[in-house]
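Look over the sequence and the model first.

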Amino acid sequence: MTKQELETCIGEYGKDIYSFCKYLTNNTLEADDLYQDTFLTAVELIEKIEYSNNPKSYLLSIALRIWKNKKRKFAWRKRIADAQFMADERYIDMSESAELSLEERITNKEKDESIRMAVNGLPEKLKIVVLLFYMEDLQVAQIAEMMKIPIGTVLSRLHRARKILKKELEDVLNG
């Protein structure tokens with residue numbers, strides 16, 4: 001990949017990568033760091049990235065690997081020093097239409113927040129698969145390749161996550 005192709009990737013996929021980082025971390029400051037680290041790593045690995053081979057998926061896998069490493073390091077440090085994780089800062093991205101009434105906008109906002117909270121409450125393994133599948137519109141095979149797990153594992157995690165989300169969101173979405 002050339003520098004111009006990487007710049008094109010940043011232009012095309014930058015918002016998607018940043019949005020994924022925000023959902024993954026649930027914290028704006030950590031998302032900023034993860035986003036920057038992702039593209040710094042991409043610059044370091046520029047020769048290995050093939051522009052014709054779905055660079056968005058590659059960039060998402062870089063972000064995911066960096067996040068997993070940070071979580072692992074944090075868990076280790078927490079065991080040693082019992083450090084405290086940064087305050088949770090929820091990301092709210094509401095694209096509200098002017099045609100909706102105030103009541104509809106409030107209802108939509110409450111539903112969106114309930115969905116975000118339910119997804120954020122999922123175990124990490126399930127949450128990552130849900131975010132990659134629904135938010136990033138990646139195919140199951142791409143997720144499996146990115147996470148280096150079998151396709152069946154991705155499917156079972158999606159199934160378990162859907163089951164949990166259905167149970168938690170049944171009341172919110174039905175009424």
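## Aromatic pairs

Rings of Phe, Tyr and Trp (its six-membered ring) pair if their centres lie within 6.5 Å. Planes under 30 degrees apart count as stacked, over 60 as edge-to-face, and the rest as tilted. By this rule, the model has 3 aromatic pairs.

One of them joins Y18 and Y35. The pair is edge-to-face, with 5.4 Å centre to centre and 90° between the planes. Y18 sits in helix α1 (residues 3-25) and Y35 in helix α2 (residues 28-44), so the contact ties together parts 17 residues apart in sequence. Helices here are DSSP runs (H or I, at least four residues), numbered from the N terminus.

## The cluster

Y35 also pairs with F39. That pair is edge-to-face too: 5.0 Å centre to centre, 70° between the planes. Y35 and F39 are 4 residues apart in helix α2, so about one helical turn separates them. Y18, Y35 and F39 form one aromatic cluster.

How accessible are Y18 and F39? Buried means under 20% relative accessible area, exposed over 50%, and partly exposed in between (1.4 Å probe, protein chains only). Y18 is partly exposed at 23%. F39 is buried at 9%.

## Cysteines

A disulfide is a pair of cysteine sulfur atoms within 2.5 Å. The structure holds 0 disulfides. C9 is buried, at 0% relative accessible area. C21 is buried, with a value of 0%.

## About the model

This is a predicted model: local features need pLDDT of at least 70, side-chain atom pairs count only at pLDDT 80 or more, and totals for chains, interfaces and linings use all residues. Residues are numbered from 1 along each chain as its sequence is written, and side-chain values use heavy atoms, leaving out hydrogens and water.

Conventions. Helix = DSSP H or I, 4+ residues; strand = E, 2+ residues; numbered from the N terminus.
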